[in-house]
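The briefing below concerns a predicted model.

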Amino acid sequence: MAPDHDEPLSLPPEEVRRLGYRVVDMVVDHLAGLRDLPPVVVGERAALEARLREPLPEAPGDLDEALDLAAGVVLRNMQHGDHPRFFARVPSPSSPVGMLGDALASGMNAIATSWVGSTGPTVLELVVLDWLAEMLGMPAGTEGILLSGGSASSLTALAAARAARLGGHDPDAVVYCSDQTHASITRALRILGFAPDRVRLLPTGSGFRLVPGAVAGAIAADRSAGLRPFCLIATAGTTNTGTVDPLAALADLAAAEGLWLHVDGAYGAPAALTEQGRALLDGMERADSLAADPHKWLFAPYEVGALLVREPGALAAAFAMEPEYLRDTTGEVNFRDRGPQLTRATRALKLWLTIKAFGVDAIRDAVARGIALAERAEAALRATPGWEIVTPAQLAVVTFAHERAGAVDIAARAVADGYAVPTSTVLRGRPVLRLCTINPRTTDEEIDATVARLTELAERA
Ligand SMILES: Cc1ncc(COP(=O)(O)O)c(C=O)c1O
């Protein structure tokens, strides 16, 4: 029997098709014109409210008008992380294939929670996780889960680490990381109930790297004070400078001391696909848990982070639940048992489609291009009087400072100027500018023009 399209909250199929094509057209037109837009558009709250605030609609509205408002106002006023001249924070140079995967999954309201309700999406997620483990060099048998991003992945990893190594909360347990560790990790430790005096934020050495000897010293001091060293957190590509901690030495130390090694590769881990990156990331494969974000350097749209855990069952030991009302859903693999979400969309579909569409070789080349673009930016900055390289290009990040103008001022001018957007950060108390060049669609000319434009903005005293 044909469905009745007078049923509640439905649209006639032809209308869904027409609107769906409009949405696709809007996206395709947006992507085709992306280079002509500023990378970041910061709206005025009053102006946005004037367009968007209205009484709660009681009656049906015009969907075409609403779509125009969404594309023209809501989605216009934001940072465009996939813009080829968006170099701030960590860009998200997503591929349109990922969008197709998300649209398909959302259109079919796919769920990846428990076996009986999600066999297809579950097996797809298992396949994608195995592909990711292989791409990143993690051993066969590694388990994982796809989450919203790096923050959720590290929070989930640290909860699993605590369950595996401590069996629960222990007020004497101590965690070691560096002053360059991402703030989402210290926040995760706070959420998990670690007191500030149980988190050793060790000063980094040269190149902003964690110093294994300093970690060993801190562990020894804590042991002799009767505390319980438990987890070591290393970063594979720090947000500030793209630095990779000495992973092999830290893995040796963690093994010798019986510590769980969590590696935050949220942004940098995909560099393992390239020869250059593999050498830098040597030892990453020995992590007990690894966070890597496909919505950063694996070209997926928001939101998708991957958590990979070496020890089978460690996630389930922290997260499994089996209430009576879910008995009928339980089967071979239940992703609800590997992380904090019960209802979960499938994030695997967009990754699976992206990898199938382009293949790993093209993804490897795209990652390598990001590394090369940062090297080009470094060379252009070195060749331009007034700039100082503060940290050289590492995993697609370069930091620099100008003799005439402050980093915060230049970054603000760049946003207003609308050509290219760097980010400002602070290294050992010194404000610096930073470019993160992971978008493979950025051209060499755009890198050169960005350096020229930033120079103009710096000299505009
Ligand atoms: C190294 C690192 N870790 C963690 C995160 C947090 O990731 P997310 O924003 O996806 O939660 C970031 C974000 O840029 C990052 O660069």
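A residue is called buried when its relative accessible area is under 20%, exposed when it is over 50%, and partly exposed in between, with a 1.4 Å probe and protein chains only. Because the model is predicted, local features need pLDDT of at least 70 and side-chain atom pairs count only at pLDDT 80 or more, whereas totals for chains, interfaces and linings use all residues. Residues are numbered from 1 along each chain as its sequence is written, and side-chain values use heavy atoms, with hydrogens and water left out.

**Domains and their interface**

- The protein chain is divided into domain 1 (10-41 + 78-94 + 358-461) and domain 2 (111-344), with bounds that come from an automatic or database domain assignment.
- The C-alpha centres of the two domains lie 28 Å apart, and 30 residues of domain 1 are in contact (heavy atoms within 4.5 Å) with 31 residues of domain 2.
- Domain 1 and domain 2 bury about 2,400 Å² between them, 64% of it on carbon and sulfur atoms, where buried area is the accessible area (1.4 Å probe) that two parts lose on being put together, summed over both.
- Of the area that domain 1 buries against domain 2, Val 367, Leu 395 and Arg 428 supply 28%, more than any other three residues.
- The largest share of the side of domain 1 that touches domain 2, 9 residues, comes from α13; helices (H or I, at least four residues) and strands (E, at least two) are DSSP runs, numbered from the N terminus.

**Helix α15**

- Helix α15 (residues 444-459) has 16 residues and reaches 23 Å from its first C-alpha to its last, close to the 22 Å expected, the expected span being 1.5 Å times one less than the number of residues.
- The buried residues of α15 include Ile 447, Val 451 and Leu 454, and among the elements that cover its buried residues are α13 (348-382), β8 (387-394) and α14 (407-417).

**Two residues of the loop between α12 and α13**

- Asn 334 lies in the loop between α12 (314-319) and α13 and counts as buried because its relative accessibility is 8%.
- Leaving out residues up to four places away in sequence, Asn 334 touches Thr 113, Ser 114, Trp 115 and Thr 329.
- Arg 338 is placed in the loop between α12 and α13, and it counts as buried at 10% relative accessibility.
- A polar atom of the Arg 338 side chain lies 2.8 Å from the backbone oxygen of Gly 144.

**Salt bridges**

- A search of the whole structure finds 30 salt bridges.
- Arg 53 and Glu 49 meet in one of them (2.3 Å, N to O); Arg 53 counts as exposed at 60% relative accessibility, whereas Glu 49 counts as partly exposed at 23%.
- The side chains of Glu 125 and Arg 344 meet in a salt bridge (2.8 Å, N to O), which links helix α5 (residues 119-136) to the loop between α12 and α13 across 219 residues.
- Glu 125 is buried, with a relative accessible area of 0%, and Arg 344 is buried at 1%.
- Arg 200 forms a salt bridge with Asp 222, the closest N and O atoms being 3.0 Å apart, and this pair links strand β3 (residues 199-202) to helix α8 (residues 212-224).
- Glu 15, Arg 18, Arg 22, Asp 64 and Asp 68 are linked in a network of salt bridges.

Terms used: A polar contact is a pair of N or O atoms within 3.5 Å; within protein, one must be able to donate a hydrogen and the other to accept it, and residues adjacent in sequence count only if both atoms are side-chain atoms. A salt bridge is a side-chain nitrogen of Lys or Arg within 4 Å of a carboxyl oxygen of Asp or Glu.
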